[in-house]
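Subject: Structure handover

Hello,

Here is the structure you asked about. My notes on it follow below.

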Amino acid sequence: MNEQVKQALIAKLTALADDELILAHRDSEWVGHGPILEEDIALANIAQDELGHATLWYGLRSTLDGSDPDRLAFLRDAAEFHNCELVELPKGDWAFTLLRQYLFDAYEALWLSAAKDSTYKPLAEVAAKILREERFHLQHTQAWVERLGLGTEESNRRMQAALDAQWGYAQQLFVPLEGEGVLVAEGIVPDLGGLKQTWLLHTTQHLQNSGLKLPLQPGYQPTSRQMHTEHLWSLLAEMQSTARWDAEAKVW
Amino acid sequence: MDTQWPRWEVFKQDTPSKPHQAVGSVHAADPFHALLTARNVFARRPQAVSMWVAPASAILSVTKEELAEGRELKPSTFDLKPSTYYVFRKTSHKRSMTFVDYVGELEAPSPEDALKLAIERFTDAPALAWWVVPASSVTKSEDSPETVESWFAPAKDKTYKQQSYYGLVGAHAGKHKRTQGDDDE
């Protein structure tokens with residue numbers, strides 16, 4: 001692997017891992033606050049799975065540059081994170097959290113299905129492993145979008161509000177990183193342009209079947225992973241507080 | 001207005017050669033939702049290959065004691081068309097994690113008739129309790145390899161942490177207690 005490809009791959013793995021880590025943290029904020037015990041457990045499971053995926057992506061990066069996943073997660077500042085803005089938005093209500101998880105799962109399942117054929121074997125293996133869990137996540141979140149969309153007037157209103165707020169942000173999932181083209185050319189990662197069309201087809205159909213309307217104006221669409229909303233700072237302040245206070249945290 | 005979701009009994013099959021066993025219940029809005037939450041609550045780590053759910057309200061449940069005390073099993077008074085019932089039975093107090101095991105299905109005009117038939121038919125072991133469940137009320141997880149893989153396979157990599165893993169905490173807590181004790185004196 002030449003240096004250019006290697007640097008591009010490190011950047012991509014970091015972005016993948018950061019998305020999973022920040023989304024996992026937002027989901028974990030529901031622990032103990034879910035609308036019903038069963039769903040509290042289910043979302044905690046999803047959060048743990050996403051955290052596990054983050055660990056796998058940071059782990060792959062580590063084999064390339066020797067970085068320490070714990071340091072990346074707990075000792076970087078917000079400006080050094082490369083997650084998309086969608087995952088850092090505050091958890092909102094149940095509809096907001098489940099819609100975000102659905103839009104992300106739909107993207108991730110597609111990305112992984114393609115990435116399991118990556119020419120870079122370690123990435124192909126991780127993708128195949130994660131894909132199993134993502135298929136189940138997607139069934140769960142898909143079911144919630146449908147039930148809230150077609151449920152009561154209020155559940156539909158909340159789901160529609162979540163969609164209006166998130167649709168633009170979700171488009172960032174398909175904005176390639178600078179330099180990602182070289183990875184696509186090498187067959188290491190899938191081309192996001194092609195995936196976006198499939199994602200739009202699937203999500204549009206499911207959202208409309210769930211009694212929801214796609215926003216006519218997609219609103220703000222972030223394009224750079226160098227930029228973040230103010231919410232990432234407060235999220236990290238909480239997530240990193242223990243590690244920054246006592247990095248070893250061996251005695252507690 | 002009752003805003004509580006209905007309760008569903010969950011049946012889990014550990015391996016293809018074992019029967020489905022009642023492992024507990026979940027609250028859910030509809031059958032598929034019940035299956036999704038059942039998978040999260042009962043099969044995230046434990047081994048499974050298949051799950052069934054049935055609304056608790058559809059289950060006829062009778063214990064050995066109730067039968068001994070003369071609980072009457074009313075036969076159907078109408079000429080009902082027979083339908084399929086799944087029969088579950090508890091034969092031992094040994095495994096406290098599960099309740100009844102699936103023993104077989106039969107055709108009968110009513111749950112009570114099905115239970116009477118079951119008592120005659122499934123005699124290989126003494127029954128402590130019976131559940132009779134209309135087959136039409138049971139929703140099953142898909143048997144497709146893709147579903148089995150995504151619902152149940154990841155559990156193999158998710159082991160429980162043994163208590164000994166937390167030894168460090170125990171040791172520290174003990175030390176902490178002793179220090180506190182000294183302070184008290």
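pLDDT is the predictor's confidence in each residue, from 0 to 100. This is a predicted model, and chain B averages a pLDDT of 86, with 83% of its residues scoring at least 70. Within chain B, the element with the highest mean pLDDT is strand 3 (residues 50–55), at 98, and the one with the lowest is helix 5 (residues 167–184), at 56. Where pLDDT is low, the predicted coordinates should not be read in detail. For the model, ipTM is 0.88 and pTM is 0.90.

Chain B contains five helices and eight strands. Read from the N terminus, its elements go β-β-α-β-β-α-β-β-α-β-β-α-α. Of the 185 residues in chain B, 29% are buried. If one takes the contacts in chain B between residues at least 6 apart in sequence, 65% of them join residues at least 24 apart.

Strands of chain B

Strand 1 (residues 7–13) of chain B has six of its seven residues buried, so it is largely enclosed by the rest of the structure. Strand 1 of chain B pairs antiparallel with strand 2 of chain B over six bridges; here K12(B) has Q21(B) in strand 2 as its bridge partner. Strand 1 of chain B is also joined to strand 3 of chain B, again antiparallel and by six bridges. In that pairing E9(B) is the bridge partner of A54(B) in strand 3.

Strand 7 (residues 129–134) of chain B pairs with strand 4 (residues 60–63) of chain B in the antiparallel sense, over four bridges. One of the residues involved is W131(B) in strand 7, which stands opposite S61(B). Strand 5 (residues 83–90) of chain B runs antiparallel to strand 7 of chain B, and six bridges join them. There, K90(B) has A129(B) in strand 7 as its bridge partner.

Helix 3 of chain B

Which residues of helix 3 (residues 111–121) of chain B are buried? They are P111(B), D113(B), A114(B), L115(B) and A118(B). The cover over the buried residues of helix 3 of chain B includes strands 4, 5, 6 (101–108) and 7 of chain B.

Nonpolar cores

The largest nonpolar core has 63 residues, and those with the most contacts inside it are W57(A), A95(A), L99(A), A106(A), Y107(A), V145(A) and M159(A). Several helices of chain A give two or more residues to this core, including helix 1 (3–28), helix 2 (37–65) and helix 5 (121–149). Helix 4 of chain A provides the largest share, 15 residues. Leaving out residues up to four places away in sequence, V145(A) touches L98(A), L99(A), Y102(A), M159(A), H206(A), L207(A) and S210(A). Another core, of 36 residues, lies apart from the largest one; F11(B), V26(B), W130(B) and W131(B) are among its residues.

Contact between the chains

How many residues does each chain bring to the contact? Chain A brings 15 residues and chain B brings 17 residues. On the side of chain B that touches chain A, strand 2 (21–27), helix 1 (31–42) and helix 4 (145–152) of chain B each supply at least two residues. Helix 1 of chain B gives the largest share of that side, six residues. By class, the side of chain B that touches chain A consists of nine nonpolar, six polar and two charged residues.

Regards

Notes:
Residues are numbered from 1 along each chain as its sequence is written. Chains are lettered from A and ligands numbered from 1 in the order in which they are written. This is a predicted model: local features need pLDDT of at least 70, side-chain atom pairs count only at pLDDT 80 or more; totals for chains, interfaces and linings use all residues. Two residues are in contact if their C-beta atoms, placed from the backbone, lie within 7 Å. Ala, Val, Leu, Ile, Met, Phe, Trp, Tyr, Cys and Pro count as nonpolar, Asp, Glu, Lys and Arg as charged, and the others, Gly among them, as polar. Two strands pair if DSSP finds at least two bridges between them. A nonpolar core is a set of buried Ala, Val, Leu, Ile, Met, Phe, Trp, Tyr and Cys residues joined through C-beta atoms within 7 Å. A residue is buried if 20 or more other C-beta atoms lie within 10 Å of its own, exposed if 12 or fewer, and partly exposed in between; C-beta atoms are placed from the backbone.
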